[in-house]
Amino acid sequence: MHKIIGEMQAYYDRRAPVFDASMGYDSIQMVEQLAPVIKLLKTKLEHKRVLEVGCGPCFWTSFVSETARTILATDFNESTLEQARQKNLNWEKIRLEVADAYDLSSVPGKFDGAFAVDWFAHVPQSRVHDFLVGFHKKLEHNSRVVFCDQLPAAHSLTGMFDKDGNHIQERTLPDGSRVRIIKNYFTDQEITTIFSRYSNEIEIRRFPEIYRIVVSYDYDSISTET
Ligand SMILES: C[S@@+](CC[C@H](N)C(=O)[O-])C[C@H]1O[C@@H](n2cnc3c(N)ncnc32)[C@H](O)[C@@H]1O
């Protein structure tokens, strides 16, 4: 396993109690700003039986559950799910489960929708297809897939890359300790190259004013078995 994958897991474990606040997700203004992205995710996943990976404290899960049929929200870290459990979520639709996005074999059931927010950017480029193949295995033919990530602000670009070309950032936890994480930002061309193995039609929507990108496609299992 990449050492940095373990370091990122530990980082988000420790960040869980302050995650929402650190993202501004506890602010109504932030929710208002994100409204176009929230709306897009809700529309894309409407009526779907959804698998979410890297759900964190379920900020996005909560909105998507307004239109989805059901959501199995998963995260590697129990600490993030613990934060979610304290929220007044739509528990008739949402189930929480600990799961490693790189090994979803123990996750029960099949889904016709899947999404992740601020997850794909953390996947080392050498693990991208590994991850996607395992992720898609949980999906029925023609399932809707949505990845939402951040666009870089000026301060996000560090100029640091690991030997595999992953963009590296340094983050600081509330106790002052510093952690290295992977945060990749892709061009439309790179996104098309990654996902065109899995679908003929990839939609890329950028929301530069709120630093967000949403990539979506219908996973075509027939043309993509590798
Ligand atoms: C940037 S946070 C995003 C959380 C949430 N999606 C959101 O946007 O509010 C990344 C999440 O991925 C989780 N994570 C890290 N490594 C993981 C792995 N191998 N499998 C599943 N989740 C993982 C972390 O615990 C963290 O909750």
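Before I start, one definition: a residue counts as buried when its relative accessible area is under 20%. The structure you see is a predicted model.

Cysteine 148 has a relative accessibility of 0%, so cysteine 148 counts as buried. Cysteine 55, at 7% relative accessibility, is also classed as buried.

Cysteine 55 takes part in none, and the nearest cysteine sulfur to it, in cysteine 58, is 3.9 Å away. The cut-off for a disulfide is a pair of cysteine sulfur atoms within 2.5 Å. For cysteine 148, the closest cysteine sulfur is that of cysteine 55, and a bond is ruled out because the two are 15 Å apart, which is too far.

Now the ligand. Where is it?

On aspartate 75, a polar side-chain atom lies 2.6 Å from a ligand oxygen atom. On glutamine 9, a polar side-chain atom is 3.0 Å from a nitrogen atom of the ligand. With valine 117 the backbone is involved: one of its polar backbone atoms is 2.9 Å from a ligand nitrogen. As for cover, the ligand on its own has 590 Å² of accessible area, and the protein covers 97% of that.

Conventions. Residues numbered from 1 in each chain as written. Predicted model: local features only at pLDDT ≥ 70, side-chain atom pairs only at ≥ 80, totals over all residues. Heavy atoms only, no water. Polar contact = N/O pair within 3.5 Å; in protein donor to acceptor, adjacent residues only side chain to side chain. Areas by Shrake-Rupley, 256 points an atom, 1.4 Å probe, with all protein chains shown as cover. Buried < 20%, exposed > 50% of the residue type's maximum accessible area, 1.4 Å probe, protein only.
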